[in-house]
Amino acid sequence: MTGIEYVIYAFLGINIAFNLLGSFALHRFSEVYTRLHGATKCTTFGTIFAVLAVIVHAVNRLNITGDPKYLQMALHSLVALIALLLTNPTGAHAIAKAAHLSGVKPVRAVIDAYEVKLKRERGESP
Amino acid sequence: MGFIVSFVWSFMLWLMLTAGTKGMLWSPEEIVAGIIFSTIVAYSTRNIIGEKTTRFLNPIRLLELVVYSIGPLFWGMVKANFDVAYRVITGKIRPGIVRVPVELENDAQYTILSNSITLTPGTLTIDACPEEKALYVHWIYVREEKPKSSEPVSGSFEKWARRLGR
């Protein structure tokens, strides 16, 4: 194995570790907000490294073979990475806000400032 | 102006997606088709981008965005991911939704800051309220129940967001 391959395997290892941790968080936590932390964030971090591994592999093969399909592979993965980084927080925000507005309260929360704000907007006393 | 900005960005995305299909560069047919499709996209989205569109073409601002996402944002993600890993394994959590007062001016800055806060694990933006200048953040381990600024939640991100979204 060459040095580049070690880099690729290291990236894939980080990817698997954090994706596993994200799945484990789903099992471990008990309600929607804490689960969202594990399910959206650990998996994003893992997937960034999966995409980086693809990009490194593609650039490496491009250097060796000069085949343009590897250039395509690297650029498309980069676009996928940017799309992931833009859409993931938005989706997490949408799920959390929808859950809160439909009445799912955070369990064991020490403070819930958003509930206070919603009550104030509805005109109820907090 | 919105038309030009939208056109340039759709055409750049088209060039990225079609590079390498025939040789390393693009064939003339691809370029012509790209111009046609970019014009359609730009015409239909020219009013959506909103105010101060030229900042999307400012190369210094784009460079700052790249530096920000590789430097502080990525480092924040690394630190916070290990923090959440620790919380997942040990189960030591203290969840809660806190109100974070922020000093931002426009929607772009709110978007950048709340996306950065959500991307760093341990914090998740539930809602942004520009009219009361506050973000509502779900925090997996609440260290301060009523933070006075965004510093305990997101570190230096607010400074960067103010700078990038100007």
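Two residues are in contact here if their C-beta atoms, placed from the backbone, lie within 7 Å. With that in hand, let us look at some views of this predicted model.

Figure 1. In chain B, residues 24 or more positions apart account for 71% of the contacts with a separation of 6 or more. The chain has six helices and three strands. If you walk along chain B from the N terminus, the elements come in the order α-α-α-β-α-β-β-α-α. The C-alpha atoms fill a box of roughly 60 × 35 × 25 Å along the principal axes. A compact globule of 166 residues would have a radius of gyration near 15 Å, whereas chain B has 20 Å. Of the 166 residues in chain B, 33% count as buried.

**Figure 2. Chain B is divided into two parts.** Domain 1 of chain B covers residues 2-55, and domain 2 covers residues 58-164. Where are their centres? Taken over C-alpha atoms, the centres of domain 1 and domain 2 of chain B are 32 Å apart. The UniProt annotation "transmembrane region", from an unreviewed entry, covers residues 7-25 and 31-49 of chain B. Follow residues 31-49 of chain B from end to end, and you will find a span that is 79% helix and 0% strand.

**Figure 3. Chain A is built from helices.** Chain A has four helices and zero strands, so its elements read α-α-α-α from the N terminus on. Along the principal axes, its C-alpha trace spans about 70 × 25 × 15 Å. The radius of gyration of chain A is 20 Å, while a compact globule of 126 residues would have one near 14 Å. Buried residues make up 28% of the 126 residues in chain A. Among contacts in chain A between residues at least 6 apart in sequence, 56% join residues at least 24 apart.

**Figure 4. Chain A carries spans annotated in UniProt.** The unreviewed UniProt entry places the feature "transmembrane region" at residues 6-26, 38-58 and 70-87 of chain A. Residues 38-58 of chain A are 100% helix and 0% strand, with end C-alpha atoms 30 Å apart. Residues 70-87 of chain A are also 100% helix and 0% strand. In that span, the end C-alpha atoms are 26 Å apart.

**Figure 5. A:Lys69 sits in helix α3 of chain A.** This helix runs over residues 68-101 of chain A, and A:Lys69 is part of it. Is A:Lys69 buried or exposed? A:Lys69 counts as exposed because it has 12 C-beta neighbours inside 10 Å, and the cut-off for exposed is 12 or fewer. Now look along the chain to A:His100, 31 residues from A:Lys69. The C-alpha atoms of these two residues are separated by 46 Å.

**Figure 6. B:Ala80 lies in helix α3 of chain B.** B:Ala80 has 21 other C-beta atoms within 10 Å, so it is buried; the cut-off for buried is 20 or more.

**Figure 7. Helix α6 of chain B has a buried face.** In this helix, residues 157-164, the buried residues are B:Phe157, B:Glu158, B:Trp160, B:Ala161 and B:Leu164. Seen down the axis of α6(B), the buried residues fall within an arc of 160 degrees, so they line one face of the helix. What covers them includes α3 (59-90), α4 (107-119) and α5 (151-154) of chain B.

**Figure 8. A nonpolar core holds 48 residues.** This is the largest nonpolar core, and B:Ile97, B:Leu113 and B:Val137 touch the most other members. Its largest share, nine residues, comes from helix α2 (residues 32-65) of chain A. Not counting residues up to four places away in sequence, B:Leu113 touches B:Val102, B:Leu104, B:Phe157, B:Glu158 and B:Ala161.

**Figure 9. Here chain A and chain B meet.** How many residues does each chain give to the contact? Chain B gives 35 residues and chain A gives 36. On the side of chain B that touches chain A, the elements giving two or more residues are α1 (2-18), α3, β1 (96-101), α4, β2 (123-129) and β3 (134-139). Of these, α3(B) gives the most, with five residues.

Key
Residues numbered from 1 in each chain as written. Chains lettered and ligands numbered in written order. Predicted model: local features only at pLDDT ≥ 70, side-chain atom pairs only at ≥ 80, totals over all residues. UniProt positions renumbered as here; feature names shortened; annotations may be inferred. Arc of directions from axis to C-beta. Rg over C-alpha atoms; globule rule 2.2 N^0.38 Å. Domains from an automatic or database assignment. Core = buried A, V, L, I, M, F, W, Y, C linked by C-beta atoms within 7 Å.
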